[in-house]
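The sequence and structure come first.

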Amino acid sequence: MAENRDLLPRDELTLLTCAEMSKSDGFAIASGVPGRDLMERAGRAVAMAVMQRHGRRPVVLLCGPGNNGGDGFVAARHLRTAGWSVRLALFGSLEALKGDAAWAASTWTGAVEPWSAGLLDGAPLVVDAIFGAGLSRKIDGEIGTAIDLVNERKLTVVAVDVPSGLHGDTGEILGRAVEAETTVTFHRAKPGHYSVEGLRRCGYLRIVDICIPDGALATIDPKTWLNAPPLWTHLLRRGDIADHKYARGHLTILAGSHATGAARLAALAGRRVGAGLVTIGAFPSTLTALQAAEPGNLIVEIDDAAMFERLLGDERRNAVLIGPGSGVTDRTRGAALAALAARRRVVLDADAITVFASDPDLLFGSIDGPTVLTPHEGEFRRLFPDLAGKADKLGRARRAAARSGATILLKGPDTVIAAPDGRAVVNIHASPALATAGSGDVLAGLIGGLMAQELTPFAAASAAAWLHGECARLFGRPGLIAEDLPALLPQALQSLSSFN
Ligand SMILES: NC(=O)C1=CN([C@@H]2O[C@H](COP(=O)(O)OP(=O)(O)OC[C@H]3O[C@@H](n4cnc5c(N)ncnc54)[C@H](OP(=O)(O)O)[C@@H]3O)[C@@H](O)[C@H]2O)[C@@H](O)CC1
Ligand SMILES: Nc1ncnc2c1ncn2[C@@H]1O[C@H](COP(=O)(O)OP(=O)(O)O)[C@@H](O)[C@H]1O
Ligand SMILES: [K+]
């Protein structure tokens, strides 16, 4: 197998924080591109988006006191030049505007009005240029009232950079936030755009090139990407004439005394995604049932952790999945510790996460090899109580990865995959239809199957999250259940050929 089976960073999928965007801006200016040229392009792009997405109608620009407001002044000028009926309100005073925003305001020859609710009479289209990357605290007062009114009246909004109130880095809502129909952002998207709140409020997201020079990304060394096949599709195995099943890896899954369906779903996913063999380790009481199920699964008896440890004496068992239906038991805990001690490629899901709730440090201290933990928020709380229940999912997953030494896949509509070295991927290629029992078992099996094929934990978890979402999308009609997902994997894998 290829030596470096890790994710390939892709410029076009890079997400930039507000600070990184500001650094890019600084790089452009240092390279001889004046800041006002960037603002001119940004504001023009906003005007273009308004005109391309909406028929001509009265438009009101709500401008804030910083450069986001500056973009609004430029957009207003272009819309008026194109013959639109434009009104502009500024929160703050013209005299207080600085730098490029002051320049942009000086190019606007129309009236600058103070905010009043009457501006929204007649249901105009609204351009939200109040706050962008500079949002620094909770929105209240007059601006809060204006945002509430825009939302209450369900006015059509085109937001500049981010819907005001949405934090570009964390996806947090600071007080309240605009609900936009379209959001126009510049150069690269921000993590906040793809957070749950961002997905709710940005509407259609347009990412516009404002001619920041190519070299800018290299100076930033970005660490965050939006999940898509170009990051990892080159790592998926192509058939080789000399292939044999062991060359494709052997995934071993520990089943429990109940809910053996979970291990079966994971095994199916692991085999469909290309693992050469999948063994299910089962209690004697479930052996017959499992043997009578899918004929391609290998079934072995595993009564306790010691038997599991002996099973791993076979070096070819290169990947291990523990958790789906395995039970919150000493057997599960012992098997997980044995797999970690044996330096196998390990995926710990569900019960194998919960079983360490009373002593997370025992788990973290045992992780020394390629490991993925796949918690949903409830399981995450059990291992990382101090990081739970807060915004900034990306930051939380990153801290959890650094603390545990494992790659963390934190589930949800905006699944975050964070590696211990600080890299992270955000996956929004998903569907609410995945919120069905057993779908997490399929995901765990996919990761295990890809780890068996020697993808790094970070690459395996990223590829699996995307494929999981792709299966749900391919199903394409109501009624999806977890059993449908593995059957759609061949089609999902085939759809990747267009990325090669
Ligand atoms: N970087 C680039 O490449 C490019 C960037 N461009 C544009 O610049 C935008 C970033 O501009 P920016 O940095 O001036 O910040 P912005 O969002 O206008 O707000 C800052 C102001 O708001 C204030 N303020 C904050 N929160 C507040 C609150 N809750 N309630 C009240 N006030 C609050 C804050 O006050 P302070 O915190 O300083 O007291 C400050 O006065 C970016 O989003 C994009 O649109 C484009 O032109 C293209 C090139
Ligand atoms: N609203 C949603 N949108 C997109 N994906 C979702 C949504 N809800 C759940 N999922 C995905 O479905 C899977 C559910 O996993 P999990 O909660 O572990 O279920 P189970 O343990 O029943 O198999 C995760 O991959 C999660 O990211
Ligand atoms: K905005």
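The points below cover conventions, domains, ligand shells, annotated positions and nonpolar cores.

1. Conventions. This is a predicted model, in which local features need pLDDT of at least 70 and side-chain atom pairs count only at pLDDT 80 or more, while totals for chains, interfaces and linings use all residues. Residues are numbered from 1 along each chain as its sequence is written, and chains are lettered from A and ligands numbered from 1 in the order in which they are written.

2. Domains. The assignment divides the protein into domain 1 (11-222) and domain 2 (229-235 + 244-493); such bounds come from an automatic or database domain assignment. Taken over C-alpha atoms, the two domain centres are 41 Å apart. Contact between the domains involves 10 residues of domain 1 and 12 residues of domain 2, where two residues are in contact if their C-beta atoms, placed from the backbone, lie within 7 Å. On the domain 1 side, six of these residues are nonpolar, three polar and one charged. Here Ala, Val, Leu, Ile, Met, Phe, Trp, Tyr, Cys and Pro count as nonpolar, Asp, Glu, Lys and Arg as charged, and the others, Gly among them, as polar.

3. Shell of ligand 1. There are 28 residues around ligand 1, and Asp25, Gly66, Asn67, Gly132 and Gly134 come nearest; a residue counts as near if its C-beta atom, placed from the backbone, lies within 6 Å of the molecule. Two or more residues each are given by α1 (18-30), α2 (35-53) and α3 (67-81), with the largest share, five residues, coming from α3. Helices (H or I, at least four residues) and strands (E, at least two) are DSSP runs, numbered from the N terminus. By class, this shell holds 12 nonpolar, 11 polar and five charged residues.

4. Shell of ligand 2. Around ligand 2 there are 18 residues, of which Lys411, Ala430, Leu434, Ala435 and Gly440 come nearest. Helix α16 (residues 439-452) supplies the largest share, four residues. The shell comprises eight nonpolar, eight polar and two charged residues.

5. Annotated positions. An unreviewed UniProt entry places the feature "binding site" at Lys411, Gly412, Pro413, Asp414, Thr415 and Gly440. These positions cluster in space although they are spread over 30 residues of sequence, the largest C-alpha distance being 14.4 Å. UniProt positions follow the numbering used here, feature names are shortened, and annotations may be inferred rather than shown by experiment.

6. Is Gly440 buried or exposed? Gly440 is buried, because 26 other C-beta atoms lie within 10 Å; the cut-offs are 20 or more for buried, 12 or fewer for exposed, and in between for partly exposed, counting other C-beta atoms, placed from the backbone, within 10 Å of the residue's own. Gly440 lies in helix α16 and, leaving aside neighbours within four places in sequence, is in contact with Asp349, Ala350, His376 and Lys411. Gly412 is found in the loop between β14 (407-410) and β15 (415-418), and counts as partly exposed because it has 17 C-beta neighbours inside 10 Å.

7. Nonpolar cores. A core is a set of buried Ala, Val, Leu, Ile, Met, Phe, Trp, Tyr and Cys residues joined through C-beta atoms within 7 Å. In the largest one, of 103 residues, Ile253, Ala266, Ile447, Ala460 and Ala464 touch the most other members. Helix α17 (residues 457-475) gives the largest share of this core, 11 residues. Both domain 1 and domain 2 give residues to this core, so it lies between them. A second, separate core has 56 residues, including Trp108, Ile139, Ile173 and Ala177.
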